[in-house]
Amino acid sequence: MEIQIAYPFPGMDPWLEHPSLWGDVHFRLIAALAGYLSPRLAPHYYVAVGTHTYVTTISQTPGIRYPDVAVVETQPSGIVQTVAADTGIMAAEPIMVEVPLPETVEEAYLEVREPISGDVITAIELLSPLNKRPGAGREKYLRKRLEIFSTNTHLVEIDLLRAWSPMPFAGTTEKSHYRILVRRGEEGSRARLYPFNVQETIPIFALPLQAGDAEPLIDIGALLRQVYHEGSYHLRLDYTQPPIPKLDDEVAQWAERILHDIQG
């Protein structure tokens with residue numbers, strides 16, 4: 001099925017969550033957000049790019065197509081067997097397997113800073129598999145999140161991944177595919193949650209800044225449409241296959257109708 005360049009969905013395209021593409025989507029969306037904010041915040045603020053460093057394994061890195069478990073190699077190993085001269089015992093023939101190798105991965109996030117002091121006013125995080133799935137990456141991110149919550153720094157946390165549990169918050173039992181969390185430093189433990197689903201548009205929200213400063217509106221949906229075009233994702237996504245993770249039946253049927261209408 002060939003899909004035209006026009007972004008197909010009203011909100012988040014679930015096919016963009018594919019592990020082989022998400023790293024590229026993450027990079028482009030962070031860059032697009034920085035490019036959008038920089039001229040709107042100057043000269044009172046500037047946008048800095050920071051990086052999280054994770055030590056992971058090749059088998060767990062999005063886009064690297066090693067299996068998560070060892071694969072038996074049935075071809076001969078090429079190792080010459082030897083026989084102990086004194087006993088006549090032959091060494092056992094091994095099978096070859098793949099083992100996970102350590103890999104250092106860096107992922108970007110944004111900081112809105114004051115030009116003179118360099119103080120961080122707002123941190124902007126776009127979640128990824130490395131800091132959302134259970135494990136060391138999530139634990140490291142949650143420690144940083146708590147550090148931010150212990151200060152007056154604002155936090156914008158954008159979660160466009162349906163897989164794995166949401167980052168912790170309390171006060172609602174509403175479930176959603178995606179969410180944006182905006183925590184204003186002066187409000188302590190309170191935060192604004194914007195939940196939304198595949199079928200819905202992505203909420204537009206104000207970027208928290210210092211009191212009295214004009215706060216630009218952020219339209220993640222518009223930035224996604226920009227990124228979709230610039231990244232030529234209409235050529236790279238296979239809409240004939242279910243997205244990863246799969247959609248439930250009702251949402252999958254809705255998505256199929258959307259794609260069918262676009263195809264004409």
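Predicted model: local features only at pLDDT ≥ 70, side-chain atom pairs only at ≥ 80, totals over all residues.
Reader: What about Trp-15, buried or exposed? And which aromatic cluster are Phe-9 and Trp-15 in?

Author: Trp-15 counts as buried, with a relative accessibility of 8%. Phe-9 and Trp-15 form one aromatic cluster together with Tyr-239 and Trp-254.

Reader: Which charged end sits over the ring of Tyr-109?

Author: That is the charged end of Lys-144, which sits 3.4 Å from the centre of the Tyr-109 ring; the rule asks for NZ of Lys or CZ of Arg within 6 Å of the ring centre and within 35 degrees of the ring normal. Lys-140, in turn, lies over the face of Tyr-54, at 5.5 Å from the ring centre.

Reader: Changing topic, which residues does the cis peptide bond with omega near 5° join?

Author: That cis bond runs from Ala-42 to Pro-43, and Pro-43 has its place in the loop between α1 (19-41) and β1 (46-57), where helices (H or I, at least four residues) and strands (E, at least two) are DSSP runs numbered from the N terminus. Ile-244 and Pro-245 are also joined by a cis peptide bond, with omega about -5°, and Pro-245 lies in the loop between α5 (233-236) and α6 (249-263).

Reader: Where is Trp-164 found, and what is its phi?

Author: Trp-164 is found in the loop between β4 (154-159) and β5 (178-183), and although Trp-164 is not a glycine, its phi is positive, at about 70°. Most residues other than glycine have a negative phi, and most peptide bonds are trans. As for the surface, Trp-164 is partly exposed, with a relative accessible area of 36%.

Reader: Let's look at α4. Which residues are buried there?

Author: In α4 the buried residues are Ile-220, Gly-221, Leu-223, Leu-224, Val-227 and Tyr-228. They lie on the same side of α4, because they cover an arc of only 155° around the axis, the arc being that of the directions from the helix axis to the C-beta atoms.

Reader: And what do the buried residues of α4 pack against?

Author: They pack against α1, β4, β5, β7 (205-206), β8 (217-218) and α5, where contact means heavy atoms within 4.5 Å. What follows α4 is Ser-232, whose phi is positive, near 50°, and Ser-232 is partly exposed, with a relative accessible area of 27%.

Reader: Last topic: how many salt bridges does the count come to?

Author: The count comes to ten salt bridges, a salt bridge being a side-chain nitrogen of Lys or Arg within 4 Å of a carboxyl oxygen of Asp or Glu. One of them joins Arg-236 and Asp-24, at 3.2 Å from N to O, and this pair links distant parts of the chain, with Arg-236 in helix α5 and Asp-24 in helix α1, 212 residues apart. Asp-24 and Arg-236 are also linked with Arg-28 in a network of salt bridges.

Reader: Which residue does Asp-159 form a salt bridge with?

Author: Asp-159 forms a salt bridge with Lys-132, and the closest N and O atoms are 3.0 Å apart. Asp-159 lies in strand β4 and Lys-132 in helix α2 (residues 129-132), so the pair ties together parts that are 27 residues apart in sequence. Asp-159 counts as buried at 1% relative accessibility, and Lys-132 is buried with a relative accessible area of 1%.

Notes: Residues numbered from 1 in each chain as written. Heavy atoms only, no water. Buried < 20%, exposed > 50% of the residue type's maximum accessible area, 1.4 Å probe, protein only. Phe/Tyr/Trp six-rings, centres within 6.5 Å; stacked < 30°, edge-to-face > 60°.
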